[in-house]
Every structure is written in C-alpha cells, then in structure tokens.
Amino acid sequence: MAKVNESSTDFNFKKDPSAINTLTLAGLKIYIVISFIVLVGTILSVSDNTNGFAETADWFGIAGSIIYFVLFLAWLYRTSLNCSNFVHNDQMRFSPGWCVAYYFIPFVNLWRPYQCMKEIAQVSTNPHAFKSV
C-alpha cells in the first residue's frame, strides 16, 4: 500500500496511481496527435480525392479511440478504488465497478458518470468532510 503525504493528510492508496496516471496522460497525448492526423487526412481526401491516406488515418483514429477509452476506464477504476480506501467503503455511493459500468448502460450514461466523477472529486479534495452525491 503506497503512502503519500499532502498538506498534513495521509492518503493510503490501495494501488499506486502513478503508473496509470502516467500511462493515461501519455495515451491522451497520443490520441490528440492521432486526431490531428485524421483531420489532416480528411482535409486531404476532400481536396485531392485520394482515399488511401484518409482510410488509413481513420483506422488509426478508431484504434486510438478504443485504446484511450480503455486507459481512461482503467484510470477511473483505480481512482475510485483509491477513493473508497480514503473513506469507508460503505460511505461512497458508487463502487469502482459501477463507475466503469455506467459508461455502457444506455441513458444512464448521460448522468451517472458525472455523479461518479463528482463523488471522486469530493473525496479527493477532502476525504474527512465527504458527503455523498
């Protein structure tokens, strides 16, 4: 269990978040570059009627989106798991598994992911004065 001291508050992580944070940030940077390449490919295919580069760029864009989405969900799970360790598990309204699962449930994915992220932000800011969403 990793321990971090921040402004006289002890955080005991169930799993160390540094590796997943670095990986997710790198994935975001790569996704932005891939999105730019897809945009350039789309512009070039419209002006030159060449579809080879645009199709290849589209496949890279789809692959990049899927990879980054998986990285984001892994980061979300790890963050929620660590937050549930900061407070007692029964105090949090959303479990780490449900925070990820809500992204795949139609209509529920319009508001529940926001509520999960809000709860994680509240616990991360001040775990001692935490109120459920």
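**Aromatic rings and a nonpolar core**

Q: Which residues form one aromatic cluster?
A: Phe-69, Phe-72, Trp-75, Tyr-103 and Phe-104 form one aromatic cluster. This is a predicted model, where local features need pLDDT of at least 70, side-chain atom pairs count only at pLDDT 80 or more, and totals for chains, interfaces and linings use all residues. Residues are numbered from 1 along each chain as its sequence is written, and side-chain values use heavy atoms, with hydrogens and water left out.

Q: How many aromatic pairs does a search of the whole structure find?
A: Rings of Phe, Tyr and Trp (its six-membered ring) pair if their centres lie within 6.5 Å; planes under 30 degrees apart count as stacked, over 60 as edge-to-face and the rest as tilted. The search finds seven aromatic pairs. One of them is Phe-69 with Tyr-103, edge-to-face at 6.2 Å centre to centre and 75° between the planes.

Q: Why does the pair tie together parts that are apart in sequence?
A: Helices are DSSP runs (H or I, at least four residues), numbered from the N terminus. Phe-69 lies in helix H2 and Tyr-103 in the loop between helix H3 (96-101) and H4, so the parts that the pair joins are 34 residues apart in sequence.

Q: Which residues make up the largest nonpolar core?
A: Such a core is a set of buried Ala, Val, Leu, Ile, Met, Phe, Trp, Tyr and Cys residues joined through side-chain atoms within 4.5 Å; buried means under 20% relative accessible area (1.4 Å probe, protein chains only). The largest has eleven residues, including Leu-76, Met-92 and Val-123. Helix H2 (52-86) and helix H4 (112-125) each supply at least two, and H4 gives the most, with three.

Technical notes: Buried < 20%, exposed > 50% of the residue type's maximum accessible area, 1.4 Å probe, protein only.
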